[in-house]
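Reader: Please take a close look at the ligand site in this model. What surrounds the ligand, and what does the pocket look like?

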Amino acid sequence: MLSGKRILLIITGGIACYKSLDLVRRLQERGASVRAVMTEGAQKFITPLAVGALTGGKVFTDLFDREAEHDVGHIRLSREADLIVVAPATANMMAKMAGGHADDLASCVLLATDKPVLIAPAMNSRMWAHVATQRNLKTLQGDGILTVGPNAGEMAEKGEAGYGRMAEPMEILEAVEAFFNATIKPLAGKKVVITSGPTHEPIDPVRYIANRSSGRQGHAIAEAVAQAGADVTLVSGPVTLKDPKGVNVVHVETAREMLAAVQSALPADIAIMAAAVADWRVASDAHQKIKKDGSGKVPALDFVENPDILATIGNSKVLRPGLVVGFAAETNDLIENARGKLQRKGADLIVANDVSPENNVMGGSENTVRIVSEDGVEDWPKMGKEEVAAKLIAKIAEKLGS
Ligand code: CTP
């Protein structure tokens, strides 16, 4: 999978360093060549000798090493890679990257590079949760830096637990593969229609019924699918997000408008229905504002069912896209309900997520999903909505056999 790819692995100083040795092996197993840079901190945990024995080459540690500078030099190091992976990435290294500092070889390389960078943060859970680290993370993500992890679990410090454990080497490897998959445009030439966000169902000209969907997951998918080379039409309900790059966006308000927009985007190769469509609308949408009449009587609203867009597309005899992906937002019996939706709505894949309030999925930036299909159930760990999007594309490409 990674044959011919050149990875520059930057190891910074944390207890998770020992896992970087395994990461080198895993990357090499897939055919990648690995060059390593170690910070001074990293060398307190593992030795350049151990890393060099695995990479089979010089390990770069010192900005002021004349021989190394003469031989390769930090600018060349930063350019002679297809991807730079920082694993583990300490809070300090993230801060330096966010601030553009360059006071050692690793940070100089990161500042000098024009190559994509993937970081695997690893630190104590309080350091991870600190506003400064979260601010740096946002800055880095805004700068286009890719991230994998951290995971939740026990910390090296006895008795402490929470987010901060470095992603496992296999997860980092998957993120590396997902990155290269995206660059080979696995969905080139495909036409894809995606729904995202809530719908607003009017009660009268000033009031409507809505739900908590932010559209973040659907929009992240639309952007990633476009980056994977597809021609994307995103039918978006009312959201506060910017239109994703490289995507044709159709803005709608109601479920019926959403269905009409999806139907006009057909034929398509793939449909991904991520919107939280209102199941019901008010039967008689009043054309004038409903007024209080002073008697204290409250209005009664009658509802009628909205069209089910996913079911309409998934069960359609004509123009059904080759691959139909639905979502299932559940608060209980996740898998059973998702399986039911897979069948009833004629979908090939259901991305099921537990939207119980304690999970903060609706409106939040992370998601823990389970992929339900005829082949069974796949559990994905908690990850950013962008990572879910990237993994979903890999899954779709696998399903399409491309
Ligand atoms: N969906 C749709 N049109 C609707 C309702 C849902 O296209 N009118 C799609 C969603 O976009 C999602 C899937 O159906 O892909 C499941 O949505 P969900 O809200 O979980 O299910 P519902 O069918 O609304 O069922 P329930 O609310 O009873 O769980």
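Author: What follows goes through the ligand, its shell, the pocket and some backbone features elsewhere in the chain.

The model is predicted: local features need pLDDT of at least 70, side-chain atom pairs count only at pLDDT 80 or more, and totals for chains, interfaces and linings use all residues. Residues are numbered from 1 along each chain as its sequence is written, and side-chain values use heavy atoms, with hydrogens and water left out.

The shell around the ligand has 14 residues, of which Met273, Ala275, Asp279, Lys341 and Lys345 come nearest (a residue is near a molecule if one of its heavy atoms lies within 4 Å of it). By class, the shell holds 9 nonpolar, 1 polar and 4 charged residues. In this scheme Ala, Val, Leu, Ile, Met, Phe, Trp, Tyr, Cys and Pro count as nonpolar, Asp, Glu, Lys and Arg as charged, and the others, Gly among them, as polar. Helix H13 (309-314) and strand E17 (323-330) each supply at least two shell residues, and E17 gives the most, with 4 residues. Helices (H or I, at least four residues) and strands (E, at least two) are DSSP runs, numbered from the N terminus.

A polar backbone atom of Met273 is 2.6 Å from a ligand oxygen. For Leu310, a backbone N or O atom lies 2.8 Å from an oxygen atom of the ligand. For Ile309, a backbone N or O atom lies 3.0 Å from a ligand nitrogen. The ligand taken alone exposes 570 Å², and the protein buries 79% of that (accessible areas come from the Shrake-Rupley method with a 1.4 Å probe).

The ligand sits in the second largest pocket, meaning that more than half of its atoms lie within 2 Å of the pocket's grid points. On a 1 Å grid over the protein atoms alone, with a 1.4 Å probe, a pocket is an open set of points with protein on both sides within 12 Å along at least five of seven lines, and lining residues have an atom within 4 Å of a point. The volume of this pocket is about 950 Å³, taken as the space filled by probe spheres set on the points, which are joined across faces, edges and corners. It is lined by 39 residues, and Ala275, Ala276, Val277, Asp279 and Ala329 are the closest to its centre. Two or more lining residues come from each of strand E9 (191-196), helix H11 (216-227), strand E16 (303-305), H13 and E17. The lining has 19 nonpolar, 13 polar and 7 charged residues.

Leu319, in the loop between H13 and E17, has a positive phi near 60°. Asp333, in the loop between E17 and helix H14 (334-344), has a positive phi near 45°.

Notes:
A polar contact is a pair of N or O atoms within 3.5 Å; within protein, one must be able to donate a hydrogen and the other to accept it, and residues adjacent in sequence count only if both atoms are side-chain atoms.
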